[in-house]
Amino acid sequence: MEPRPDFTMDQPIASYTPTDHATWRTLFEHQAALLPGRACEEFMLGLKGLGVAADGIPDFNRLSDILGKATGWSIVAVPGLVPDEVFFGHLANRRFPVTWWIRKPEQMDYLQEPDVFHDIYGHVPLLMNPVFADYMQAYGEGGVKAQRLGEITHLARLYWYTVEFGLIRDAGGRGLRIYGSGILSSKSESIHCLDSAAPNRIGFDLLRVMRTRYRIDTFQKTYFVIDSFDQLFAATRPDFRPFYERLHGAPDLGAGEVAAGDTVLVRGTGEGWGHTDDA
Ligand code: PHE
Ligand code: CO
């Protein structure tokens with residue numbers, strides 16, 4: 001099935017095999033058992049509201065109807081990662097591109113590219129939350145602008161350390177919780193990010209995050225922690241142009257580095273990182 005010029009296509013529902021649906025069920029049931037008490041309440045609520053069933057890979061149109069009523073977002077099927085400008089354009093119009101295919105049974109945990117489990121289970125529940133939904137649209141608009149300014153590298157780090165790998169302080173004072181989709185869809189990282197002594201947990205700071213390189217091939221060495229989605233949205237609301245200017249005088253930080261001025265919640269031991277890290 002050929003994608004359209006905006007890279008969207010119809011979800012090829014009939015092409016999913018029984019193995020594909022079984023893979024979804026296995027991943028879903030595992031995370032459903034693991035995430036209560038680890039994922040933030042906003043995610044748990046969104047998941048419930050969507051009724052993303054454990055039965056099998058869901059129908060995107062059905063999810064879009066529910067999501068549309070809640071926050072005006074829809075989901076569109078795509079063949080995989082799409083070019084940056086296409087991605088930003090979809091987000092700016094409150095459309096979330098979802099990879100339609102599912103991983104092979106031998107890739108049950110870590111996958112370096114998104115599949116339907118990561119995109120639906122990891123990303124879509126939080127789009128049911130009005131503040132997060134607005135943040136994602138603003139990010140898309142910011143992406144269009146960053147591309148004109150040649151600032152994609154800085155802006156992409158913000159997405160990585162919030163949308164994909166963010167932690168949030170639980171409002172009820174019960175410690176840290178997960179909101180990043182790359183963690184929520186990974187059975188080992190959803191344990192590692194909260195329980196391991198190795199990674200740093202550092203308070204969210206916009207410019208600090210945009211200076212920090214990241215790894216796509218291992219667990220994160222640093223997680224940035226927000227207090228609330230309101231805080232995240234407020235911090236990212238200003239025009240980024242002056243921030244980008246300032247970042248030009250500031251050197252990048254390695255993924256595992258702790259810097260002067262950091263609010264260090266947990267200083268990681270770095271155990272098991274080896275010598276090839278970029279930090
Ligand atoms: N305020 C940002 C800008 O001017 C846009 C943005 C919003 C970027 C939210 C990321 C997240 O570029
Ligand atoms: Co993702």
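This report describes salt bridges in a predicted model.

## Basis of the model

Because the model is predicted, local features need pLDDT of at least 70 and side-chain atom pairs count only at pLDDT 80 or more, while totals for chains, interfaces and linings use all residues. Residues are numbered from 1 along each chain as its sequence is written, chains are lettered from A and ligands numbered from 1 in the order in which they are written, and side-chain values use heavy atoms, with hydrogens and water left out.

The structure holds 11 salt bridges, a salt bridge being a side-chain nitrogen of Lys or Arg within 4 Å of a carboxyl oxygen of Asp or Glu. One of them pairs Arg38 with Asp195, with 3.0 Å between the closest N and O atoms; Arg38 lies in the loop between α1 (18-34) and α2 (41-50), and Asp195 in helix α9 (residues 189-195), 157 residues apart. Helices (H or I, at least four residues) and strands (E, at least two) are DSSP runs, numbered from the N terminus.

Another salt bridge joins Arg177 and Glu41 at 3.0 Å, N to O, and it links strand β4 (residues 176-178), which holds Arg177, to helix α2, which holds Glu41, across 136 residues.

Arg38 is buried at 17% relative accessibility (buried means under 20% relative accessible area, exposed over 50%, partly exposed in between, with a 1.4 Å probe and protein chains only). Arg177 is also buried, at 5%, whereas Glu41 is partly exposed at 37%.

## A loop pair and a network

Asp115 and Arg103 form a salt bridge of 2.8 Å, N to O, and both residues are in the loop between β2 (95-99) and α5 (116-123), 12 residues apart. Both Asp115 and Arg103 are buried. Elsewhere, Lys145, Asp239 and Arg241 are joined into one network by salt bridges that share partners.
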